Amino acid sequence: MSALIEVAGLGKTFTLHNQGSTVIEVLRDAALTVHPGECVALTGPSGAGKSTLMRVLYGNYLASAGRVVVAGTDIARAQPQEITALRRHKLGYVSQFLRVVPRVPTLEVVAEPLLALGVAEAAAQDTARALLDRLRIPQTLWSLSPTTFSGGEQQRVNIARGFAHPYPVLLLDEPTASLDAANRDTVLCLVEEAKARGAAIVGIFHDAAARRRVADRNLDVSRFIPQPA
Amino acid sequence: MTPLLEVQGLTKRYGPRIGCADISFALFPGEVMGVVGESGSGKSTLLACLAGHLAPDNGAVIFATRADGPRDTQKMSEAERRLLSRTDWAFVHQNPRDGLRMRVSAGGNVGERLMAVGARHYGEIREAALDWLARVEIAQDRIDDRPAAFSGGMQQRLQIARNLVSAPRLVFMDEPTGGLDVSVQARLLDLLRGLVRRLGLSAILVTHDLAVIRLLADRVMVMKEGRVVETGLTDQVLDDPQHAYTQLLVSSVLQA
């Protein structure tokens with residue numbers, strides 16, 4: 001089966017124009033291949049470039065060099081419209097922090113990716129309810145904005161939102177970080193189910209046991225840290 | 001896909017000074033494009049040129065008309081352009097007083113747009129006005145009140161209703177959340193997002209507020225001294241800005 005993520009020769013450099021034009025090279029010649037049904041964990045110490053690599057995969061950071069093909073689209077060269085379409089249909093991302101329009105109810109926050117795909121409102125809300133229920137967000141909170149929720153609750157809302165649509169490619173940034181044992185298990189089950197339906201997953205998991213449970217391979221990102229010549 | 005709007009080499013000078021220079025971009029159906037930059041960067045001049053409020057000195061503004069496909073609005077007659085601005089375009093001003101008729105009732109403000117595109121049946125016009133007041137969360141018993149009796153946030157929502165009732169395809173917005181309290185802003189942003197998604201609207205949104213851009217715009221264009229210095233996917237431009245000026249803009253935002 002052909003890979004859903006194929007990264008080759010990826011370089012990422014930041015140029016800080018307003019801080020003495022400092023150039024920071026974070027990744028050099030990075031490579032990664034993920035097949036359907038496979039979960040690859042990015043590992044390495046803080047600052048190794050795990051989050052940077054993940055953000056490049058999402059099109060949130062601009063690749064400085066190389067190819068970043070996600071579900072058939074080379075993100076390093078794609079037009080913004082192509083990346084928007086890719087994210088809507090094929091590329092899901094569960095970030096560490098929830099970012100929402102203030103005052104929008106939780107149920108709508110979770111249903112939104114489905115509505116954006118044209119799913120009928122009732123069906124989208126059914127899916128959202130099932131996920132919120134599964135992630136143990138009390139029903140009394142569904143009509144409230146998640147902006148006032150606890151860290152763990154916000155994270156679960158974010159996960160529900162990220163799993164509402166069966167994206168072929170999923171990026172997970174610390175999905176179990178601030179969860180209790182039961183919720184952690186639910187999230188790992190969701191990841192396993194996504195793998196079983198053939199999703200390609202890239203994750204950052206500081207929780208070593210979680211990583212061992214869902215990841216098929218580890219990729220130590222520090223090998224892509226540029227070495228001084 | 002054919003762009004809804006295609007801008008080529010648009011330039012507007014004020015005497016020896018540049019309003020905006022050599023602007024080119026394409027906007028596709030269903031897309032929201034943000035234009036950011038500080039005061040005097042040319043973003044409002046650009047918007048006024050696109051909407052036909054100002055005549056550019058050079059360049060083309062090609063709009064995909066329903067009847068005849070892509071046409072350069074600069075080559076249309078004034079009457080044709082005016083018709084477009086009533087049927088296919090909408091313009092949401094920063095100050096609702098510029099977009100509303102303050103001496104006409106709320107219902108009249110909404111109904112007038114419909115009459116301008118040929119609606120004549122009083123009952124249907126009032127029905128549509130009531131429906132739109134509800135959509136922008138204005139109590140229906142306020143339909144006969146004049147906007148002067150409304151709060152700033154209500155006036156802005158009424159302006160949006162007046163603009164969207166005639167089902168435009170392209171909405172120009174100039175600082176739509178400008179002079180509003182943050183709590184009112186949030187509600188308006190949510191409203192605009194919902195409308196853009198449900199109606200499949202395309203929009204060009206001018207603002208200096210990066211948070212508004214992040215929440216509403218798919219793509220962003222950064223302007224400085226009349227020129228575009230950077231353009232791209234909204235979150236990419238805000239999180240990984242490439243140009244010195246964008247880096248300065250992004251790093252200057254105060255964290256609440």
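A helix, as the term is used here, is a DSSP run of H or I of at least four residues, numbered from the N terminus. The structure on display is a predicted model, and the tour below moves through it one selection at a time.

**Stop 1: an exposed position in chain B.** Select B:Asp98, which is found in helix H3 (residues 96-99) of chain B. B:Asp98 has 11 other C-beta atoms within 10 Å and is therefore exposed, the cut-off for that class being 12 or fewer.

**Stop 2: a helix pair in chain B.** Remain in chain B and select helix H6 (residues 152-164) together with helix H7 (residues 182-199); their axes are 10 Å apart, and the packing angle is about 15°. H6(B) and H7(B) are therefore roughly parallel to each other, since angles under 35 degrees are classed in that way. The crossing of H6(B) and H7(B) is right-handed. To display the contact, show B:Gly153, B:Gln156, B:Arg157 and B:Leu164 of H6(B), which meet B:Val184, B:Leu188, B:Leu191 and B:Leu195 of H7(B). By class, the residues of this contact comprise 5 nonpolar, 2 polar and 1 charged.

**Stop 3: the contact of the two chains.** Display both chains. The contact draws 17 residues from chain A and 22 residues from chain B. On the side of chain A that touches chain B, helix H2 (80-89) and helix H3 (106-116) of chain A each supply at least two residues. The most is given by H2(A), with 4 residues. That side of chain A has 10 nonpolar, 6 polar and 1 charged residues.

**Stop 4: helix H3 of chain A.** Of its 11 residues, 9 are buried, so H3(A) is largely enclosed by the rest of the structure. The buried residues include A:Leu107, A:Glu108, A:Ala111, A:Glu112 and A:Leu114. Show H4 and H5 of chain A as well, for the buried residues of H3(A) pack against them. A:Gly118, which follows H3(A), has a positive phi, near 90°.

**Stop 5: H3(A) against H5(A).** A:Thr106, A:Val109, A:Val110 and A:Pro113 of H3(A) make the contact with A:Val157, A:Ala160 and A:Arg161 of H5(A). This contact of H3(A) with H5(A) has 5 nonpolar, 1 polar and 1 charged residues.

**Stop 6: the nonpolar core.** Which residues have the most contacts inside the largest nonpolar core? They are A:Ile5, A:Leu57, A:Val110, A:Ala160, B:Ile204 and B:Leu205, in a core of 145 residues. Centre the view on A:Ala160: with neighbours within four places in sequence left aside, A:Ala160 is in contact with A:Val110, A:Ala128, A:Leu131, A:Leu132 and A:Leu135.

**Stop 7: a loop position in chain A.** Finally, select A:Leu141, in the loop between helix H4 (121-134) and H5 of chain A. Is A:Leu141 buried or partly exposed? A:Leu141 has 17 C-beta neighbours inside 10 Å and so counts as partly exposed. Apart from neighbours within four places in sequence, A:Leu141 is in contact with A:Thr106 and A:Phe149. A:Leu115 lies 26 residues from A:Leu141 along the chain, and their C-alpha atoms are separated by 21 Å.

Notes
Residues are numbered from 1 along each chain as its sequence is written. Chains are lettered from A and ligands numbered from 1 in the order in which they are written. This is a predicted model: local features need pLDDT of at least 70, side-chain atom pairs count only at pLDDT 80 or more; totals for chains, interfaces and linings use all residues. Two residues are in contact if their C-beta atoms, placed from the backbone, lie within 7 Å. Ala, Val, Leu, Ile, Met, Phe, Trp, Tyr, Cys and Pro count as nonpolar, Asp, Glu, Lys and Arg as charged, and the others, Gly among them, as polar. A nonpolar core is a set of buried Ala, Val, Leu, Ile, Met, Phe, Trp, Tyr and Cys residues joined through C-beta atoms within 7 Å. A residue is buried if 20 or more other C-beta atoms lie within 10 Å of its own, exposed if 12 or fewer, and partly exposed in between; C-beta atoms are placed from the backbone. Axes are lines fitted to C-alpha atoms, for helices over the stretch in contact, and angles run from 0 to 180 degrees between N-to-C directions. Angles under 35 degrees count as roughly parallel, over 145 as roughly antiparallel, 65 to 115 as roughly perpendicular and the rest as oblique. A crossing is left-handed if the near helix is turned anticlockwise from the far one by less than a right angle, and right-handed if clockwise.
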